[in-house]
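Please open the structure in your viewer and keep the selection panel at hand.

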Amino acid sequence: MIAVPDRSIRICADRGGTFCDVHASYPDPENPKSRKELVIKLLSQDPANYQDAPTEGIRRVLEIVTGERIPRGTVLSTDKIDYIRLSTTVATNALLERKGHKHALLITKGFKDLLLIGNQARPRIFDLNIKRPTPLYSEVVEVDERVTLVGYTSDPQAEKHAVQFNSDGSVRKGYTGLGWDGDGFADGPGDIVQGISGEAVRIMKRPDLEIVKRDLQRLFDSGYRSIAIVLVHSYTFPDHEKQIGQLAREIGFTQVSESSRLLPMIKMVPRGVSSTADAYLTPILQGYLDGFFTGFDAKLRDGRLKSPRVEFMGSDGGLLDLSNFSGLKSILSGPAGGVVGYALTSWDERKKYPIIGLDVGGTSTDVSRFDGRYEVVYETTTAGVTIQSPQLDINTVAAGGGSCLTFRNGLFLAGPESAGAEPGPACYRKGGPLAVTDANLLLGRLIPDYFPKIFGKNENESLDVEASRTAFEKLALEINNSQEVPLELDEIIYGFIKVANETMCRPIRALTETRGYSTGSHVLASFGGAGGQHACEIASILGIKTVLIHRYSSVLSAYGLALADRVYELQEPSSTFYSNSTRSSLLARLDKLTKAVQAELAHQGFEDDRIRVERMLNMRFDGTDTALMVLPVQSDGNGDEDFEAAFKKIYKAEFGFLLETKNIVVDDIKVRGIGKTFDSLGESVYSEVEGIERTPVDQSKASSRNSVYFDKVGRVRDTPVFLLDNLSLGDEVVGPAMVIDDTQTIVIVPGARAVLTRKHLYLTLE
């Protein structure tokens, strides 16, 4: 038994579609000031052996670190744990598979079909047989309430005619524009109040709470426990939603998604769809987390404790505590950890090389771009559902290690169907279909002796080469029956790899060339379990000359969790023109939100010097529909939070022109607080490579030689295979070669060179 200090083990687990990756660090028993690291990889689903993969991974970590045997099914003690950080695809999969929670939608009377009608976007305009995704909600209840805004947006003299308020919210001057009949403060009857955005709101009808309560009780008695509340103009006047939400909680609803609380932004359709998505997904996520927590003692769930604690990766790349984590914020929880991982380990503030992140997993490939800042989008469509919530800009394509290989209508196809973890590819010993992993195995790019032995009934067998070969020979027979000149088996197998590679290149071009960036000027940071087998060839197709593969690249989504920052953000609507006269009031509102964000992060345990704040305005030209979230930098305009200059720069880059005669409107103000969880990762890989002394690798270090198939070269029978742990700092490996460790296989194509640094394999292509 090893003496491990209490509250000292830090565990990060990323549960993907095929594999669950766990990264842990703990004090070195021989040198308590330094930390040792540990990596574990296991199948995401293996019901014959364990119920929950992250819990099983954590159990294995505790066994290894403490030296104690912990039987499966034991409630795990958290005395030794500092924190557990999780990223999960539970909500994403529930949305993709339409397996969310039954819920009802409460919406303003007259708008019952609003979310069904949507915004009339027709992504497949020429399809003759359109199949629209069904709405997420199961029932709609109309609430007889109504508020409206005073005046109209296109009034050229809007400021002159607008209602003016005193500091206490009372009306100082009524509305005097079109529609006003000279009587009262507005263009119709009803109380006038000031909304959060500063707009004048006229309350036409308040909800009858007795009727609402009756409707809610009927839903509850029918078995509903989750509701979404979406009322007109609630982004600026949330009172009615709050009243209904309070009633629902008193009745016993366990999930109440108020659109004004989740997303206080203009545009009712995306706000409404996002709220229904939250009501649909959060109970599923909560159910999974309840099951997860039952595997540990009660201390882990106690949010008052600083340690042990659980933190979750949000879709925007920031960590959230249990109280702030929801279905809406977890859509991209899984891939976000990988983006944080490659961004922080590959970026050099001095050289500023833009980076493309290529995450080749078991089920899909996720592609993103980093150029000093995370690229965030505020509206995304997943499985036909348009969600308005900050998410990292990640393009996903259904091509990964588990993508099924088929031959249809004379075409080689890789994906979109996936073998997943259950049954997995043919070589996983579960009778699965042919997949990309099988192709890499038969081409010699995966070696069973070095691959984790986690297959078979007892989880101790290696990959089954013969199962892959038998399936491919059967497919080759079918393919050659349709060919005039029969193809060799290797040519057929590599043909599928080429199709998969081209599929993975597609989203990279979408993130670079279609936005005006030269793909070849980027660095490719490859990670994910299958990334190393495809990185060189994908870089070659795209004209990229430098590839970075981190030592933990196959578990980088888990490693990224260890580097991620805690995030807390606040947002308020606005309806103000941006001008010299309004700038001071906008900055005052930003200051107020900044103080609230800093106070919350201080409450979460962060010192002042570890808190960083980003202040943003959501801006658009008057009369246009597209707002852009603007975060000014030092180089914008006069350098003093010049939002106007920053907006015009971003708008010009996005659309190619400016509307110089139009006023600029501020739709929202937002403050994002970041609590730094680590100090520095040290010298960048580029600086290290410049100063490193390169040594051609001694061929005697090759642990074996393997027959590997390469494009244009064919089979190289004696390709050297090096174990990463046996290579020394500065060792240079020239392709063709393979570099392998416990969790990944890296294929170095002919003509490529790889040099080993402290944390990376740094590859250059001719």
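What is the handedness of the crossing of helix 12 and helix 13? The model on the screen is a predicted one. To answer the question, select residues 489–511, which form helix 12, and residues 531–542, which form helix 13. The two axes come within 10 Å and cross at roughly 60°. An angle from 65 to 115 degrees would count as roughly perpendicular and one under 35 degrees as roughly parallel; helix 12 and helix 13 are therefore oblique to each other. Their crossing is right-handed.

**Second stop: a β-α-β unit**

Select strand 12 (residues 226–230), then helix 6 (residues 239–251), then strand 13 (residues 255–258). Together, strand 12, helix 6 and strand 13 make a right-handed β-α-β unit. The two strands pair in the parallel sense, over 4 bridges. Within this pairing, display isoleucine 227, which stands opposite valine 256 of strand 13.

Now show the side chains of strand 13. In a regular strand, side chains alternate between the two faces of the sheet. Here Gln255 and Ser257 point one way, whereas Val256 and Glu258 point the other way. All four residues are buried.

Are the two partners buried or partly exposed? Glutamate 258 has 2% relative accessibility and counts as buried, while arginine 249 is partly exposed, with a relative accessible area of 33%.

Side chains of opposite charge can pair when their charged atoms come close. How many salt bridges does the model contain? The count comes to 52.

Select lysine 759 and glutamate 37, whose side chains meet in a salt bridge at 3.8 Å, N to O. Lysine 759 is in the loop between strand 37 (753–756) and strand 38 (760–764), and glutamate 37 is in strand 3 (residues 31–43), so this pair ties together parts that are 722 residues apart in sequence. Lysine 759 is partly exposed, at a relative accessible area of 29%. Glutamate 37 is also partly exposed, at 33%.

Next, select lysine 351 and glutamate 690, another salt bridge, with 2.5 Å from N to O. Lysine 351 belongs to the loop between helix 9 (333–346) and strand 16 (355–360), and glutamate 690 to helix 17 (residues 685–691); the pair therefore ties together parts that are 339 residues apart in sequence. Lysine 351 is partly exposed, with a relative accessible area of 22%, whereas glutamate 690, at 54% relative accessibility, counts as exposed.

Finally for this stop, select Arg10, Asp82, Arg85, Arg309, Glu311 and Arg566 together. These residues are linked in a network of salt bridges.

Which strand order will be found in the open sheet of 3 strands? The order is 7-11-10, with antiparallel pairing. Strand 7 (146–149) and strand 10 (191–194) are the edge strands, each pairing on one side only. On average, neighbouring strands of this sheet are turned by 35° against each other, direction ignored.

To close, select strand 10 with strand 11 (residues 200–205): they run antiparallel and are joined by 4 bridges. Display isoleucine 192, whose bridge partner in strand 11 is arginine 202.

Key:
Residues numbered from 1 in each chain as written. Predicted model: local features only at pLDDT ≥ 70, side-chain atom pairs only at ≥ 80, totals over all residues. Heavy atoms only, no water. Buried < 20%, exposed > 50% of the residue type's maximum accessible area, 1.4 Å probe, protein only. Pairing = 2+ DSSP bridges. Right-handed = clockwise from strand over helix to strand, strands pointing away. Salt bridge = Lys/Arg side-chain N within 4 Å of Asp/Glu carboxyl O. Axes fitted to C-alpha atoms, helices over the stretch in contact; angles between N-to-C directions. Parallel < 35°, antiparallel > 145°, perpendicular 65-115°, else oblique. Left-handed = near helix turned anticlockwise from the far one by under 90°.
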